[in-house]
Amino acid sequence: MFTVILAKCVSALLAVIMFISAPLNLLLGKKTEAIEKAEDGCKLSFAAISDIHLDESFSFISDGMLELGFMDMDKAKDRLDAVAFVGDITNHGYYEQWDIFADTVANHNISDRLFIITGNHDTWGPNRDDFTNPVDGVLPTFIKYNKSISGREIENMYYSDIVNGYYFICLGSEHDNTSAYVSDTQLEWLASEMEKASKTELPIFVFFHQPINGSHGLPYNWELDETQPADKGGIGDQNDQVVEILKKYDNVFYISGHIHAGLKNETDKLGVDYASVEYMENNNGNKITLVNLPCFANPDILRGGHISNGCGWVVEAYEGKVLFRARNFGAGTWLTKYDVTVNLVK
């Protein structure tokens, strides 16, 4: 217990140090690299970040880091086609925390297409026990802020949209637990959307805050205990139904957050044995790509990997491949060690 408490204190201290160091590096003239496409012929370019945990009581780190990240996106040489926020945008889902996010977005011009995905912390909002309360339930709150921030009209915790011909399918938990709850209605909707998306013969991007059960070092790096249930830190009870639907299709990219682990690949021996980009075999013997986002605000040193706040991915789709380019948006630098190229199935 003492070790865990000490590690969390160290994590908090590191978060403060990293928050200070990012703008300090800029002031000292440390080289930054504006966001631009890796190659010619890019058909889609979007950024994805997760676990911002905006909280009015300690916005110095979370809100300040988000401002730095947005400043980096503002200065992109090649404007981003979209930005996806993959859950835990707020710390408790309160109006004040959503307002911080809305105000920060309004102060910048990061992209014309914003995708807001709920995380478990976002479902801990007002009237969490009455999820659909029309006045201040979690669902109406999410619908309200999604419209005011992204301009998108939605009716559920889940929705889809198309960017440059590519489907973005956004899943969302329908209750307020740490693991997700995916209703039969949402599962049927997912099956229908995946089928429609497959007709484009383009990669399909699926966003859900919670990872696939057992992926990215789970459950070990979630609770640091190998005796934890296999679904700890993942989707939870409806995991197999979600996976069954995804496995029917090729060129599926499942993008999640939630774990608070740092960026890591197979050659990086730090901490728990996992990778930020992993693969799962589908029904055709091909691979589904599982991508886990690092915690943007305060990654947990107990969970391993490259620990630095302000990190996420820039995703670029080309003919025949998708690039995942790791970036520290807070410092304005690429982290090329963690880049991954995924070749598409023809």
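Biologist: Where in this predicted model is the place of Ala297?

Modeller: Ala297 lies in the loop between E9 and strand E10 (311–318).

Biologist: What makes Ala297 count as buried or exposed?

Modeller: Its relative accessible area is 2%. Buried means under 20%, so Ala297 is buried.

Biologist: How far apart are Ala297 and Gly330 in sequence and in space?

Modeller: They are separated by 33 residues in sequence and by 9.9 Å in space, C-alpha to C-alpha.

Biologist: How do you know that E8 and E9 pair, and in which sense?

Modeller: Pairing needs at least two bridges. E8 and strand E9 (residues 287–292) have 5 bridges, in the antiparallel sense, so they pair. As an example, Glu278 has Leu290 in E9 as its bridge partner.

Biologist: What is the strand order of the open sheet?

Modeller: The sheet has 6 strands in the order E4-E5-E6-E7-E9-E8, with mixed pairing.

Biologist: Why are E4 and E8 said to stand at the edges?

Modeller: Strand E4 (159–163) and strand E8 (277–281) each have a single partner strand, so one side of each has no neighbour in the sheet. The twist from one strand to the next averages 20°.

Biologist: Which strands does helix H5 touch?

Modeller: Helix H5 (residues 184–198) packs on the sheet and touches E4, strand E5 (166–170), strand E6 (204–207) and strand E7 (252–256). The direction of H5 makes about 170° with that of E5.

Biologist: Which residues have the most contacts inside the largest nonpolar core?

Modeller: That core has 68 residues, and those with the most contacts inside it are Phe85, Phe101 and Phe205. A second, separate core of 26 residues includes Leu171, Leu187, Trp189 and Val206.

Conventions
Residues are numbered from 1 along each chain as its sequence is written. This is a predicted model: local features need pLDDT of at least 70, side-chain atom pairs count only at pLDDT 80 or more; totals for chains, interfaces and linings use all residues. Side-chain values use heavy atoms; hydrogens and water are left out. A nonpolar core is a set of buried Ala, Val, Leu, Ile, Met, Phe, Trp, Tyr and Cys residues joined through side-chain atoms within 4.5 Å. Buried means under 20% relative accessible area, exposed over 50%, partly exposed in between (1.4 Å probe, protein chains only). Helices (H or I, at least four residues) and strands (E, at least two) are DSSP runs, numbered from the N terminus. Axes are lines fitted to C-alpha atoms, for helices over the stretch in contact, and angles run from 0 to 180 degrees between N-to-C directions. Contact means heavy atoms within 4.5 Å.
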